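Here is a short briefing to read alongside the model. Please keep the sequence and the 3D view open as you go.

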Amino acid sequence: MKITEKLNGKKVLIWGYGKEGKSTERFLQKFCKPLLVTAYEGKIEDIDSEKYDVIVKSPGIPYFTDDPRFTSQTALFLEQFRDRVIGVTGTKGKSTTASMIYEVLAAAFGEKVVLLGNIGVPCLDCYEQMTEDTIAVFEMSCHQLADLKVSPHISVFLNIFEEHLDYYGTFENYFAAKCNIANYQKEGDVLLIGDEVPLISSPAKRIVFSKPEEGKYEEVFNSDATEFGGAGNINAGVLASKPCDLPRGYQHAVTITLPPMGAVILKKKKTQIKSPDRRKNKIRIVMRFMSGCKKYFIITMILSVCLSL
């Protein structure tokens with residue numbers, strides 16, 4: 001169902017008025033014709049839910065229910081666009097991975113690619129950019145995933161460690177929230193998953209990737225730090241092959257690999273070296289990294305799927 005169809009003529013409560021709540025309000029004002037819009041910050045006990053047709057809850061508010069009136073930006077977005085979404089989650093490395101996927105796809109498809117979600121861009125802020133051939137790279141936190149009933153067409157689940165236990169109570173509950181990135185996938189979907197992530201039942205095509213041995217690297221290109229200008233964490237690529245020193249001034253950021261070859265992303269330890277053309281330089285480095293890792297690099301797998309979208 002289209003988001004506008006679900007919200008037009010409805011009494012809508014925005015529960016949580018932070019960055020995402022304000023984004024929801026802007027979306028309603030620009031694209032919908034709701035009967036009523038109310039913004040609220042507070043506890044569930046003070047909400048008269050019978051007064052509203054739709055309650056859009058911000059991520060991180062600790063309330064779980066099967067009441068179909070409760071939804072979220074992420075749920076609304078996926079209900080309309082899930083076939084065009086690459087979702088990325090994991091306890092560590094999801095921002096770096098999502099950013100790199102976006103940069104490579106943007107180099108291939110230009111403005112038909114958007115980066116959104118937990119990276120700092122509420123998904124409904126990109127609603128107007130979503131055409132029938134737009135690809136959305138969606139960084140997904142556990143809070144955004146927690147009460148979903150729909151999963152992305154392509155899901156990347158990097159890793160899982162104990163975190164947010166003050167919110168979820170147990171590791172099992174935290175893992176269950178993360179699993180929603182794959183729980184509702186369909187046949188024909190793709191799940192790229194780290195080999196240390198516990199088994200998830202999904203009808204999607206499963207591609208398992210593993211972590212190379214720490215500290216064993218072979219450089220793909222010059223380790224001179226002046227070579228690696230650009231923004232963000234994507235500054236150097238290496239192959240897991242034989243022992244050697246890491247490029248001077250860099251540290252391990254995240255591993256996203258496919259056997260039998262491994263690849264890691266490094267990040268600058270301190271200050272970034274600025275480039276006159278930051279975006280171009282960043283893309284060039286990533287593309288060279290892809291070339292070094294051949295078909296086993298995770299981005300290559302994602303690109304091949306995107307070409308069939």
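**The enclosed space and the packing around it**

The lining of the largest cavity divides into 1 nonpolar, 5 polar and 3 charged residues. This is a predicted model, in which local features need pLDDT of at least 70, side-chain atom pairs count only at pLDDT 80 or more, and totals for chains, interfaces and linings use all residues. Residues are numbered from 1 along each chain as its sequence is written, and side-chain values use heavy atoms, without hydrogens and water.

**Cavity**
- The count comes to 1 cavity of 30 Å³ or more; a cavity is a set of points on a 1 Å grid over the protein atoms alone where a 1.4 Å probe fits but cannot get out.
- The largest cavity holds about 40 Å³ of space.
- Its lining residues (an atom within 4 Å of a point) include Glu20, Lys57, His143 and Asp147.

**Nonpolar cores**
- A nonpolar core joins buried Ala, Val, Leu, Ile, Met, Phe, Trp, Tyr and Cys residues through side-chain atoms within 4.5 Å, with buried meaning under 20% relative accessible area (1.4 Å probe, protein chains only).
- The largest has 44 residues, and Ile3 and Phe77 are among those with the most contacts inside it.
- Helix α7 (residues 171-183) gives this core the most, 6 residues; helices are DSSP runs of H or I, at least four residues long.
- Another core, of 18 residues, lies apart from it and includes Tyr102 and Leu158.

**Helices α3 and α4**
- In α3 (residues 73-81), 7 of 9 residues are buried, including Thr74 and Phe77.
- Thr97 is found in α4 (residues 94-109) and counts as buried because its relative accessibility is 0%.

How values were computed:
Buried means under 20% relative accessible area, exposed over 50%, partly exposed in between (1.4 Å probe, protein chains only). Helices (H or I, at least four residues) and strands (E, at least two) are DSSP runs, numbered from the N terminus. On a 1 Å grid over the protein atoms alone, a cavity is a set of points where a 1.4 Å probe fits but cannot get out, and a pocket is an open set with protein on both sides within 12 Å along at least five of seven lines; lining residues have an atom within 4 Å of a point. Grid points are joined across faces, edges and corners, and a volume is the space filled by probe spheres set on the points. Ala, Val, Leu, Ile, Met, Phe, Trp, Tyr, Cys and Pro count as nonpolar, Asp, Glu, Lys and Arg as charged, and the others, Gly among them, as polar.
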